[in-house]
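Here's a quick briefing to read with the model open beside you. Have a look around first, then work through the points below.

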Amino acid sequence: QVQLVESGGGLVQPGGSLRLSCVASGSIFSTNFMDWYRQAPGKQRELVATITAGGTTNYADSVKGRFTISRDNAKNTVDLQMSSLKPEDTAVYYCHAVARVLGGNWSNYWGQGTQVTVSS
């Protein structure tokens, strides 16, 4: 199976920056999309940013110009650099990947989430 582990969350003041990292481990044969989602209290989980294996990126309108997603295919990692953070960015951030193990089918995998709090 595939495990995703996030790190890098925490408390930051408005206007500050944070970098989230996610490492995928296990019997990974290949990964396709790798994404970051977030879920604020009382709200649905939403897609923040996605990156394909080829490096094509896409962002939610609310984070365009402030967040940057990147990945290292050799290391099976995906990072989210967040800048100019706003209180409304406060949420639990989840790493997600579409991956398959050797001999397996493409499946969705989720990390456990990391809290990001933007507050003065």
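Is Thr 77 buried or exposed? With a relative accessibility of 16%, Thr 77 counts as buried; here buried means under 20% relative accessible area, exposed means over 50%, and partly exposed is in between (1.4 Å probe, protein chains only). Before going on, note that this is a predicted model, where local features need pLDDT of at least 70, side-chain atom pairs count only at pLDDT 80 or more, and totals for chains, interfaces and linings use all residues. Residues are numbered from 1 along each chain as its sequence is written, and side-chain values use heavy atoms, with hydrogens and water left out.

**The overall build**

- The protein chain has 0 helices and 11 strands (these are DSSP runs numbered from the N terminus: helices, H or I, of at least four residues, and strands, E, of at least two).
- Follow the chain along its sequence and you read β-β-β-β-β-β-β-β-β-β-β.
- The radius of gyration is 14 Å, which agrees with the value near 14 Å for a compact globule of 120 residues (the radius is taken over C-alpha atoms, and the globule rule is 2.2 Å times the number of residues to the power 0.38).
- Along its principal axes, the C-alpha trace spans about 50 × 25 × 20 Å.
- Of the 120 residues in the protein chain, 43% are buried.
- Take the contacts with a separation of 6 or more: 54% of them are between residues 24 or more positions apart (contact means heavy atoms within 4.5 Å).

**Thr 77 and Ser 70**

- Thr 77 belongs to strand E8, and beyond its neighbours within four places in sequence it is in contact with Cys 22, Val 23, Met 34, Ser 70, Arg 71 and Asp 72.
- Ser 70 sits in strand E7 and is partly exposed, at 28% relative accessible area.
- Not counting residues up to four places away in sequence, Ser 70 touches Arg 19, Ile 51, Thr 77, Val 78 and Asp 79.
- Lys 43 is 27 residues from Ser 70 along the chain, and their C-alpha atoms are 26 Å apart.

**The disulfide**

- There is 1 disulfide in the structure (a pair of cysteine sulfur atoms within 2.5 Å).
- Cys 22 and Cys 95 form this link, with 2.1 Å between their sulfur atoms.
- Cys 22 is in strand E3 (residues 18–26) and Cys 95 is in strand E9 (residues 91–101), so the pair ties together parts that are 73 residues apart in sequence.
- The link is left-handed, with -80° about the S-S bond, and both Cys 22 and Cys 95 are buried.

**The nonpolar core**

- The largest nonpolar core has 32 residues, and Trp 36, Leu 80, Met 82 and Tyr 93 touch the most other members (such a core is a set of buried Ala, Val, Leu, Ile, Met, Phe, Trp, Tyr and Cys residues joined through side-chain atoms within 4.5 Å).
- Several strands each supply at least two residues of this core, including E1 (2–7), E4 (28–39) and E11 (114–118).
- Strand E9 gives the most to this core, with 6 residues.

**Arg 45 and its rings**

- Arg 45 lies over the face of Tyr 94, 3.7 Å from the ring centre (a charge sits over a ring if NZ of Lys or CZ of Arg is within 6 Å of the ring centre and within 35 degrees of the ring normal).
- The charged end of Arg 45 also sits over the ring of Trp 110, at 4.8 Å from its centre.
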